[in-house]
Each structure stands twice: as structure tokens, then as C-alpha cells.
Amino acid sequence: MTTNRPLLSVVVPVFGCVGTIEELCKRLSAIESDELAVEIILVDDSSADGGREILANINSQYPACRAILLPRNFGQHWATSRGILESSGEYVVTMDCDLENRPEDISKLLVEIASETPCVLGSSSTRGSRSLMRKALRRLYGILLSRCYSNDLIELGFNSFSFAAFHGNFIRKIVRHNSPYDPISIKVLDSGAVIKVVTVETLQTTNRRSSYSVFENLLLGFKSLILAGKGFQTLCVQFFCLVVAALSISLFLLVFLIARPVTNNLPLLVGLISAVLFIIGSGIVLALLTSIILSSLTQSRPRSEEHT
């Protein structure tokens with residue numbers, strides 16, 4: 001075998017994937033060759049489906065695999081960050097444990113990695129099945145991120161960096177200097193690094209359910225946008241300008257309705273519409289403020305000890 005082979009670290013957060021763990025390890029182990037060494041870091045996020053027991057002994061069957069068993073459920077971003085910090089490879093690939101993304105496609109990501117391109121994403125427009133609401137939220141999130149970073153990110157959603165390749169030193173430095181609870185996508189976007197996108201195939205699973213509820217995705221989306229920094233601050237300024245304008249119009253309509261008798265339903269209808277818009281806007285502002293508070297509380301939480 002060739003000595004001094006570059007090392008690839010594959011980081012896999014594991015939760016609810018008892019049926020795919022062994023096949024995943026087998027296919028990832030097969031990537032190793034005379035030109036590439038592989039280490040596979042599986043971070044179990046306190047699974048309760050029996051996968052934890054399989055991972056406890058996975059190294060005896062697949063020597064390239066190493067399991068990190070977290071004492072409780074920290075969430076996908078924390079588990080991924082923990083695995084990245086444990087990696088030592090020249091390249092780091094992150095992927096989910098459900099085999100929707102093919103381990104064989106990792107080579108497509110690595111081909112695109114260059115000195116000036118520290119991040120390559122594997123993207124597919126047919127990733128799993130989603131409800132209409134999730135699709136709408138995903139697209140709205142992408143549009144807002146596009147505005148924040150002046151980049152074409154509309155197709156990037158909540159899990160947009162779940163299958164990605166990075167230069168090892170680049171991603172470890174980014175994770176080390178940020179909260180482990182923060183999404184990897186925002187950490188990378190904030191760095192200003194060049195990002196390439198590669199089209200990959202995905203396994204279609206009609207019965208796949210996200211471990212995140214719609215409400216949790218909304219909170220994650222708000223937090224991500226808040227972490228986006230100056231770009232989101234600009235959007236907030238624009239939003240508050242609209243709220244002030246809506247307040248002014250509502251106040252004018254209220255005075256108008258009080259000052260003169262209602263002779264027809266048009267002023268009343270316009271006033272009601274303005275009131276509804278004002279209530280929706282106030283709800284969004286409240287959600288943003290709540291997300292800021294939750295974000296600050298989360299980042300101040302101390303790290304717990306993990307068991308390897």
C-alpha cells in the first residue's frame with residue numbers, strides 16, 4: 001500500500017438509523033484505497049432504537065469506524081460539531097446516517113475540493129419527501145439567506161450542509177470558534193469561503209420523517225438568520241420600517257374611522273386588514289426576540305462530558 005496517504009474523515013451524526021448503520025459502515029469502509037485512508041466517526045445522539053448497542057461494538061467489525069456515544073440527546077448540529085472536532089483528516093465529509101446520500105458519491109465531492117474551494121456541497125432537488133409547508137419554509141429560508149449573503153442560496157434549506165466535504169483544518173477551525181449548537185451552514189457562510197455545489201443522487205424514501213418538527217425547524221431558521229449577522233440586520237431594518245409604515249397607516253385609518261361615520265364597508269374592511277397585518281408583524285417580531293433569547297441561552301450552556 002502507498003504510504004502517507006491523505007486521510008479522509010467521515011463524520012456521521014446517528015439518530016434513529018438502526019436499520020442502516022451496518023450497511024453504512026460497510027459502504028464507507030469500502031471507500032478506502034491505496035490513494036486514500038478513511039476514518040469514520042459515528043456520533044450517536046442518544047438513540048433509543050437499538051443503534052447504540054450496535055455502535056458500541058462497531059470497531060471490531062469495521063476497524064475504520066469509531067463511535068462516540070453521547071450521554072443524552074444534544075441535537076444534530078451538536079453531534080456533527082463534536083465529530084468534526086474529533087476528526088484528524090486532511091478532508092472532512094459530513095453526511096446523515098439514513099443512506100439517502102450514497103457513500104459512493106463522496107468521490108464527487110472530493111474531486112471538486114481545491115485550495116481555493118474549502119467547501120463542496122452535495123445537492124439534490126429530490127431529497128426525500130416533504131410536506132407542502134416544509135417545502136415552502138425551505139424556500140423562504142433560502143430566499144432570506146440569499147438576501148443576507150448576497151448569494152444564490154435559494155435551494156439551500158435547513159439541512160443543506162448535511163452532505164458536504166471540507167478542508168479539514170478549515171472546518172475544524174470554524175467549529176472550534178463557534179457554539180456547537182449553531183448550524184454548520186451559518187458558520188461556513190459567515191466565513192466568506194467559496195462554496196461549490198455538486199449534483200448528487202438521493203435515495204427516495206416516501207416514509208421518511210424528519211426528527212425536527214415544523215416548530216423546531218422554525219426556531220432553527222430564526223436562529224440561523226439571527227446568526228447570519230449584518231445581512232440579517234439589514235433585513236431587520238427593512239422589516240421594522242415596514243412595521244412602522246403599517247402602524248402609521250393603521251393609526252391613520254383608525255382616526256379616519258372614528259372621525260367620520262362608516263357609510264360603507266370599505267374603510268372598515270381596510271382597517272381590519274391593516275389590523276390583521278399588524279398582528280402578524282407583531283408575532284414575527286416576538287418570535288425573533290424569543291429566538292434571540294433562546295440563542296443566547298443556548299450558547300451559554302456548558303458542555304457536558306461525552307463517552308467514547
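Reply: A salt bridge here is a side-chain nitrogen of Lys or Arg within 4 Å of a carboxyl oxygen of Asp or Glu. Keep in mind that this is a predicted model. E112 and K196 pair up that way, at 3.6 Å from N to O.

Me: Where do E112 and K196 lie?
Reply: E112 is in helix α5 (residues 106–112) and K196 is in strand β7 (residues 195–199), so the bridge ties together parts 84 residues apart in sequence.

Me: Are those two buried or partly exposed?
Reply: Partly exposed: E112 has a relative accessible area of 30%, and K196 comes in at 32%.

Me: How many salt bridges by that rule?
Reply: Nine. One of them joins E86 and R82, with the closest N and O atoms 2.5 Å apart. Both sit in helix α4 (residues 76–86), four residues apart, or about one turn of the helix.

Me: And what about D105, what does its side chain pair with?
Reply: R102, at 2.8 Å from N to O. D105 is buried at 2% relative accessible area, while R102 is partly exposed at 29%.

Me: Which residues are linked in a network?
Reply: E23, R27 and E104 are linked by salt bridges.

Me: OK, new topic. At what angle do α7 and α8 pack?
Reply: About 105 degrees, with their axes 10 Å apart. The two helices are therefore roughly perpendicular to each other.

Me: Which residues meet there?
Reply: From α7 you get F170, I171, I174 and V175, and from α8 I184, K187, V188 and S191. That contact divides into six nonpolar residues, one polar and one charged.

Note on methods
Residues are numbered from 1 along each chain as its sequence is written. This is a predicted model: local features need pLDDT of at least 70, side-chain atom pairs count only at pLDDT 80 or more; totals for chains, interfaces and linings use all residues. Side-chain values use heavy atoms; hydrogens and water are left out. Axes are lines fitted to C-alpha atoms, for helices over the stretch in contact, and angles run from 0 to 180 degrees between N-to-C directions. Angles under 35 degrees count as roughly parallel, over 145 as roughly antiparallel, 65 to 115 as roughly perpendicular and the rest as oblique. Contact means heavy atoms within 4.5 Å. Ala, Val, Leu, Ile, Met, Phe, Trp, Tyr, Cys and Pro count as nonpolar, Asp, Glu, Lys and Arg as charged, and the others, Gly among them, as polar. Buried means under 20% relative accessible area, exposed over 50%, partly exposed in between (1.4 Å probe, protein chains only).
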